[in-house]
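I opened the model and kept notes as I went.

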Amino acid sequence: MCGIAGVVSQSHEVNSELFDALTMLQHRGQDAAGIITNDGHHLFLRKDNGLVRDVFNNDEHMTRLRGRMGVAHVRYPTAGSTTNAEAQPFYTNTPYGIALSHNGNLTNAEELKQELFLQDRRHLNTDSDSEVLLNIFAHQLLQRGVLRLTPEDVFAAVSGVHRRCRGAYACVAMITGYGIVGFRDPYGIRPAVYGVRETPKGPDYMIASESVALDALGYELLDDIAPGEAVLITLDGQLHKRQCAANPQYAPCIFEHVYLARPDSVIDDIYVYKARLRMGIKLAEKIMREWPDHDIDTVIPIPDTSRVAAAELAAKLGVHYREGFIKNRYIGRTFIMPGQALRKKSVRQKLNPVDIEFRGKNVLLVDDSIVRGTTSQEIVQMARDAGAKKVYFASAAPPVRYPNVYGIDMPTTSELVAHGRTEAELQTLLGTDRLIYQDLADLVDAVRQGNRAITRFDCSVFTGEYITQDVTAEYLNQLELFRTDSAREARSRAQTVIDLTNTA
């Protein structure tokens, strides 16, 4: 997963606003960050691996980013790369000069790479599917053959992207001297919103992955970019939008509401906070239905994303809610941290139990989901070590049994703890006295209550049914080979050799 942002201002340079937007979206990517701006003629780029505050760590980095228009990106690796060459935004000079930030993953990227080389005569510098998407968009614009762009040209190019690209993509692209365009795949798998802020010199516009970026900077949320839709904001502050896909269908990723998004965001007209409250209610109802004589003394969340659901679950059950784990906020999100040993070490560094909340009690631990199981096993043991009499575990999501192919660098099938195991087997493996998973129907209903117009979600990590209907066994096998910890470590060793050679 990644975070994207784009701003066009009529009144001031946008460097600091893009920085602030990325800071608000930091939870979507802690691997790399980048900003590119345009003053109408020249482009100014800064990007590197690291957190936003580390990539832009001095005044010179910011003052060089001149212009009233720009796009930005924070990145988690979706293909396991650790090189700064794959930090975004990406740029191509033909035609016009285009920079693009992308959240998602193309499922036909390899096929498109061949097309770009053999048919479109375009060169790629990285293995990133985001660079593929940029060049597809650029080629579609080039095919228009015009010197001066119109909104019709831009929308036609986005339509060409939809015809050629498959998978998940929420994008914001900047066309030098013209404007920025945000667009979303025909299923709307990854989120994108846009908003406006009125100024004496005219309206400023922002496009971002989540509404929190708009809120923090005083923008009024106008709408989500609909599946297949494109929103164009020209340098003079004009907003145009158009449906560019032949057969758009709303099917957003439900895992955004489970884990990825901030609870204070509104995505697809659904308040994430409210969706998580309802997840807690659904879990409590399942416990009361299947375990009416439960002996739970205390409900304890695994911070941070499970807090909302856990608090509502406790209230519904009528038992104490307690913050039994204190989080070290300087440790990154562990579910996609590379290396099993590093993940296990990071859990102990990230969470520290308050033993008085565990000692002699039957505790129900609540997490948003269980992916590898590494974190859950460690946390259950930490609760026992802190003196818990019994340790129960509840997941606000169903068992995660299948890999994500739409931009979340989840483990491979073989590394998912729930794949091929029953819930009874998982309970034994995790070392808990009772394991409660959310039912999929309840999860869907908890999220959908916020927007009944959405009739389905991409739930592929739970069901193995991929919404784009183009994910083959061969594709998953290749993903398996590329994403395993051993494959990551091999790539990391190879990159270290390259870095040392270049340094020498």
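I started at Val74, which is found in strand β4 (residues 69–75). Strands here are DSSP runs of E with at least two residues, helices are runs of H or I with at least four, and both are numbered from the N terminus. I noted the ground rules next: this is a predicted model, local features need pLDDT of at least 70, side-chain atom pairs count only at pLDDT 80 or more, and totals for chains, interfaces and linings use all residues. Residues are numbered from 1 along each chain as its sequence is written, and side-chain values use heavy atoms, with hydrogens and water left out.

**Entry 1: Val74**

Is Val74 buried or exposed? I found 0% relative accessibility, so Val74 counts as buried. The classes are: buried under 20% relative accessible area, exposed over 50%, partly exposed in between (1.4 Å probe, protein chains only). I then listed contacts (heavy atoms within 4.5 Å). Leaving aside neighbours within four places in sequence, Val74 touches Cys2, Gly3, Leu22, Leu25, Gln26, Gly29, Ala32, Ala33 and Val52. I also checked Gln88: its C-alpha lies 7.5 Å from that of Val74, at 14 residues of sequence separation.

**Entry 2: strand β16**

I moved to β16 (residues 298–301). In a regular strand, side chains alternate between the two faces of the sheet. Thr298 and Ile300 sit on one side of β16, Val299 and Pro301 on the other, and all are buried.

Which strands pair with β16? Pairing takes at least two DSSP bridges between two strands. Strand β17 (residues 320–321) pairs with β16 in the parallel sense over two bridges. Strand β20 (residues 362–367) also runs parallel to β16, joined by four bridges. I followed Thr298 both ways: its bridge partner in β17 is His320, and in β20 it stands opposite Val363.

I traced the connection too. β16, helix α10 (residues 307–317) and β17 make a right-handed β-α-β unit. Right-handed means that, with the strands pointing away from the viewer, the path from the first strand over the helix to the second runs clockwise.

**Entry 3: salt bridges**

My search of the whole structure returned 28 salt bridges. The criterion is a side-chain nitrogen of Lys or Arg within 4 Å of a carboxyl oxygen of Asp or Glu. I looked up three of them.

- Asp264 and Arg262 meet at 2.6 Å, N to O. Asp264 is partly exposed at 40%, and Arg262 is partly exposed at 25%.
- Lys282 and Asp445 meet at 2.8 Å, N to O. This pair links distant parts of the chain, Lys282 in helix α9 (residues 272–290) and Asp445 in helix α14 (residues 440–448), 163 residues apart. Lys282 is buried at 13%, whereas Asp445 is partly exposed at 21%.
- Arg307 and Glu323 have their closest N and O atoms 3.0 Å apart. Arg307 is in helix α10, Glu323 in the loop between β17 and β18 (325–327), 16 residues apart. Arg307 is partly exposed at 23%, and so is Glu323 at 29%.

I also logged a network: salt bridges with shared partners join Arg28, Arg190, Glu210 and Glu256.

**Entry 4: the chain**

The chain has 17 helices and 22 strands. Buried residues make up 61% of its 504 residues. Of the contacts with a separation of 6 or more, 71% join residues 24 or more positions apart. The C-alpha atoms fill a box of roughly 75 × 55 × 45 Å along the principal axes.
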